[in-house]
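Subject: Model for your review

Hello,

Please find the model below, with notes on what turned up in it.

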Amino acid sequence: MDLTPYVDNLRQELAVAADAGGDDARALAERLTAPLESATRLTLLNALSAAMGEVTRELAPGSVDVRLRGLDPEFVVTAPPAPEPVREEQEPVAVPAPPPPPADADDGAMARINFRLPAHLKARAEEAATAEGLSVNAWLVRAVSTALDGGQRAAPTGRGKPSGGRSFTGWVR
């Protein structure tokens, strides 16, 4: 912030007042101008510091500091931290696993893929499939389908479904 216009305004006011007092008053005003300029800058800086102290109290925990650069003050604003969103702890809701997708998806075509799992993951996948009464292949198809469809299961097409009883799908050797 440039204080020069304020100091110049004070100098002009002093000159106008001195003109009313005659030549001796004008000479005295000219001699006092330099020392008054420093005092004026210091007074303005004190007033700005006090004002920014009040602003800082209103902004807490943010702040406004007044720093002197050369002859002019500079304001440094530190914004308060943004409030953190309120998080409510909720109990996790158990979502039942969707049933396996139909063997015949949209076009009925099957594709073969070689899939290698680390031994510890293979054992866990087999346990999960057995616990749900599925083959590992059906369990993996459902897991991939769920992951790719965002938890949504593809709608059954109705093709190849037996009219009753239980159906089995998968690969046999």
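The model is predicted.

Confidence

The protein chain has an average pLDDT of 76, and 75% of the residues reach at least 70. Residues 154-163 have a pLDDT below 50, and this stretch makes twelve contacts in the model beyond near neighbours in sequence. Among the elements, the mean pLDDT is lowest for strand 1 (residues 63-69), at 80, and highest for helix 3 (residues 119-131), at 90.

Overall layout

There are four helices and two strands, in the order α-α-β-β-α-α from the N terminus. Of the 173 residues, 13% count as buried. The accessible surface is about 13,900 Å², with 57% of that belonging to carbon and sulfur atoms. Of the contacts between residues at least 6 apart in sequence, 50% join residues at least 24 apart.

Strand 1 runs antiparallel to strand 2 (residues 72-78), and seven bridges join them. Arg67, for instance, has Glu74 in strand 2 as its bridge partner. The two strands form a hairpin with two residues between them, and Gly70 in the turn has a positive phi of about 70°. Helix 3 has 13 residues, which at 1.5 Å a residue should span 18 Å; the end C-alpha atoms are 18 Å apart, in agreement.

Salt bridges

The count is seven salt bridges. Arg11 pairs with Glu37, with 2.7 Å between the closest N and O atoms. Arg11 belongs to helix 1 (residues 4-21) and Glu37 to helix 2 (residues 23-59), so this pair ties together parts 26 residues apart in sequence. Arg11 is partly exposed, at 33% relative accessible area, and Glu37 is partly exposed at 24%.

Glu37 also forms a salt bridge with Arg41 (3.7 Å, N to O). These two residues are both in helix 2, four residues apart, or about one turn of the helix. Arg41 is buried, with a relative accessible area of 12%. Asp8, Arg11, Glu37 and Arg41 are linked in a network of salt bridges.

Another salt bridge joins the side chains of Arg26 and Asp23 (2.8 Å, N to O). Arg26 and Asp23 are three residues apart in helix 2, so about one helical turn separates them. Arg26 is partly exposed at 32%, whereas Asp23 counts as exposed at 57%.

Regards

Definitions and conventions: Residues numbered from 1 in each chain as written. Heavy atoms only, no water. pLDDT = per-residue confidence, 0-100. Contact = heavy atoms within 4.5 Å. Buried < 20%, exposed > 50% of the residue type's maximum accessible area, 1.4 Å probe, protein only. Areas by Shrake-Rupley, 256 points an atom, 1.4 Å probe, with all protein chains shown as cover. Pairing = 2+ DSSP bridges. Expected span 1.5 Å × (residues − 1). Salt bridge = Lys/Arg side-chain N within 4 Å of Asp/Glu carboxyl O.
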